[in-house]
Amino acid sequence: MSNLDTLKEATFKILTPRGTGSGFYIKEENVILTNHHVISGCKEVAVEDDHKNRMLAKVIMTNPDIDIAILKTEEQIHLDSGFSVNDSLRLSRQEKVFALGYPFGMPFTITEGIVSNPEQHMDGKYFVQTDAAINPGNSGGPLVTEDGTLAGINSSKFNNADNMGFAIPVSEIKQAIESVKSNAEFKFALQCSSCSGLTYDAQDYCNNCGATLSKEVFSELELTEFSLFIEDSLKQLDINPILTRAGHEFWEFHQGSSLIRVFVMNREYLYLTSPLNNLPKENLEELYEYLISSDQGQFSLGVYKNTIFISYRINITDVFQDDATKNDIKLKIKELALKADDLDDFFVEKYNCMMSTYAKKVS
């Protein structure tokens, strides 16, 4: 398992306005692979490593028919190891395999299983069928053999069926990587499923072979007026909003060490919140006195399940009021993020609290 542990550094969480998925780094080509359905509707996404660092990535190839997408990060990825593609790999039934990724947006996870069928035929294509647990969020992550060799891209599972997961085989991965080598400018491209040629503009047919193309992939997901307002607010913190997206009307990012969450509750309230610190083992009375008596303005300090939170709530209808109200909400978003980054250090120094488990280590 030690070899698998090193591969977690090359396995990434993919974050979009639709939610989260997984992806993995191909070192030889300096690209990240994932599923088309993970990045659908996006030409730029955020990728996060196991240390909670995020980078912006461009989609430079996608193919909805085989459910593969390839990403290129703006920053150089500095890793000693990564995944490689061995298209001579031949899997056998009962061979042990492992699914790597971020199920349900959770931290990095490895699940073990076996190959149930190395060439399961469905819908005119072949998949690697496995009983390894593949859940939402695992999509786009790697399926590997016991020695860490890439066996496929985790793609789907049957609903209402146990122990039936499917991965895109290495042969399809190889073709996708070969085709993207011609994309020297790293532009958004659609791969033709017939000839593997790339198309850079929305059109009905492939210029190379005449096959019908899924030109709708060139259309980007349109954000709501509310989402645009929130993302404009986040720019005050010198953050690219793409790096904060973690689902529908849900944003999550680190301001310094503190995790900041912005989301809608019950379609009625806008919530800003940050899990600051875990409670200390002693001197709780002094700490509680501070939490109750301190003046944090319109922000609230509270404790939930042994964690200190700072929060702010406002009725969602206020977002669509006059400009003065909108500007005040924007200011509150900035103020809460900055205050959270100060308070988590304050609680450590003053009351001997521990940083929240959600905190990011800042060097």
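1. A strand, as the term is used here, is a DSSP run of E of at least two residues, and strands are numbered from the N terminus. The structure is a predicted model. In it, strand E9 gives the most to the lining of the largest cavity, with three residues. Strand E9 spans 125-130 and strand E12 spans 165-169, and each supplies at least two residues of that lining.

2. The largest cavity has a volume of about 40 Å³. Its lining consists of Ile66, Lys125, Tyr126, Phe127, Ile168, Pro169 and Glu172. By class, the residues of this lining are five nonpolar, no polar and two charged.

3. How many cavities of 30 Å³ or more does the model contain? The count comes to two cavities. The second largest cavity holds about 30 Å³ of space. Around the second largest cavity stand His36, Ile39, Ser40, Gly41, Cys42, Lys43, Phe188, Val217 and Ser219. Here the lining divides into four nonpolar, four polar and one charged.

4. Two residues from the lining of the second largest cavity, Lys43 and Phe188, also meet in another way: Lys43 lies over the face of Phe188, at 5.0 Å from the ring centre. A further charge over a ring is found at Tyr269, where the charged end of Arg313 sits 4.0 Å from the ring centre.

5. A pair of aromatic rings is described by the distance of the centres and the angle of the planes. The count of aromatic pairs in the model is 14. One of them joins Tyr102 and Phe108 edge-to-face, with 6.0 Å centre to centre and 70° between the planes. Phe108, with a relative accessible area of 17%, is buried because the cut-off is under 20%.

6. Tyr290 and Phe347 form another edge-to-face pair, with 5.8 Å centre to centre and 80° between the planes. Tyr290 belongs to helix H5 (residues 284-293) and Phe347 to helix H6 (residues 323-351), so the pair ties together parts that are 57 residues apart in sequence. Both Tyr290 and Phe347 are buried. Which residues make up the aromatic cluster that includes Tyr290? Tyr290, Phe346, Phe347 and Tyr351 form one cluster.

Note on methods:
Residues are numbered from 1 along each chain as its sequence is written. This is a predicted model: local features need pLDDT of at least 70, side-chain atom pairs count only at pLDDT 80 or more; totals for chains, interfaces and linings use all residues. Side-chain values use heavy atoms; hydrogens and water are left out. Rings of Phe, Tyr and Trp (its six-membered ring) pair if their centres lie within 6.5 Å; planes under 30 degrees apart count as stacked, over 60 as edge-to-face and the rest as tilted. Buried means under 20% relative accessible area, exposed over 50%, partly exposed in between (1.4 Å probe, protein chains only). Helices (H or I, at least four residues) and strands (E, at least two) are DSSP runs, numbered from the N terminus. A charge sits over a ring if NZ of Lys or CZ of Arg is within 6 Å of the ring centre and within 35 degrees of the ring normal. On a 1 Å grid over the protein atoms alone, a cavity is a set of points where a 1.4 Å probe fits but cannot get out, and a pocket is an open set with protein on both sides within 12 Å along at least five of seven lines; lining residues have an atom within 4 Å of a point. Grid points are joined across faces, edges and corners, and a volume is the space filled by probe spheres set on the points. Ala, Val, Leu, Ile, Met, Phe, Trp, Tyr, Cys and Pro count as nonpolar, Asp, Glu, Lys and Arg as charged, and the others, Gly among them, as polar.
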